[in-house]
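Subject: Structure handover

Hello,

The structure we talked about is below, with the sequence. My notes on the cores and the salt bridges follow it.

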Amino acid sequence: MAILTRRRKAALLRKRRSELLKRANMVVIREELFLQSGLKSEDVAKALGTNRTYFWQALHSQGLGFQEYLSRFRLCHFIENAAAFEGMQGLEIAERCGFNDKKVLNKYLKKALGISFKEYMEWIAARGPST
């Protein structure tokens with residue numbers, strides 16, 4: 001009986017963490033929190049009405065750290081808006097996407113797509129205007 005109770009508690013905990021992350025995703029996207037370069041896990045937790053520990057546990061249950069979590073949103077924003085960034089300097093683009101600098105943007109772009117920031121921007125320029 002005690003084993004079943006432990007399993008139920010573990011399942012409930014996984015469900016709560018998953019629901020917390022879904023809520024976090026919605027808040028981070030809706031309020032565009034990911035664009036804030038100095039954003040902290042405490043800020044997201046506060047926006048969710050929870051504490052940093054619960055939010056941190058939810059992230060880590062998915063194998064994510066806070067910076068990696070945010071960088072996924074930032075990278076998506078960069079990819080979706082890359083054509084609009086043509087002609088801008090790398091640092092300005094990175095900052096508009098919430099990254100501290102171009103090196104960090106480049107790191108996550110290489111990790112996700114296997115190409116550098118420069119290569120991606122050249123590809124966007126070569127594609128021409130999207131229809």
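The largest nonpolar core in this predicted model has 19 residues, and those that touch the most other members are V28, V44, L48, F55, L59, F66 and Y69. Helices α1 (2-30), α2, α3 and α4 (66-81) each supply at least two residues of this core. The largest share comes from α1, with five residues.

V44 shows how this core is put together. Leaving aside neighbours within four places in sequence, V44 is in contact with A24, V28, L33, L39, F55 and F66. Of these contacts, V28, F55 and F66 are also on the list of residues that touch the most other core members.

There is also a second, separate core, made of 15 residues. Among them are L75, F78, Y108 and M121.

Now the charged side chains. A search of the whole structure finds five salt bridges.

R52 and E42 meet through their side chains, N to O, at 3.2 Å. R52 counts as partly exposed because its relative accessibility is 44%, which lies between the 20% and 50% limits. E42 is partly exposed too, with a relative accessible area of 38%.

E92 pairs with R96, and their closest N and O atoms are 3.1 Å apart. Both residues lie in helix α5 (residues 90-96), four residues apart, which is about one turn of the helix. At 32% relative accessibility E92 counts as partly exposed, and R96, at 44%, is likewise partly exposed.

E31 and R30 form a further salt bridge, with the closest N and O atoms 3.7 Å apart. How exposed are the two partners, E31 and R30? E31 is partly exposed, at a relative accessible area of 43%. R30 counts as exposed because its relative accessibility of 59% is over the 50% limit.

Finally, E68, R72 and K111 are linked in a network of salt bridges.

Regards

Terms used: Residues are numbered from 1 along each chain as its sequence is written. This is a predicted model: local features need pLDDT of at least 70, side-chain atom pairs count only at pLDDT 80 or more; totals for chains, interfaces and linings use all residues. Side-chain values use heavy atoms; hydrogens and water are left out. A salt bridge is a side-chain nitrogen of Lys or Arg within 4 Å of a carboxyl oxygen of Asp or Glu. Buried means under 20% relative accessible area, exposed over 50%, partly exposed in between (1.4 Å probe, protein chains only). A nonpolar core is a set of buried Ala, Val, Leu, Ile, Met, Phe, Trp, Tyr and Cys residues joined through side-chain atoms within 4.5 Å. Contact means heavy atoms within 4.5 Å.
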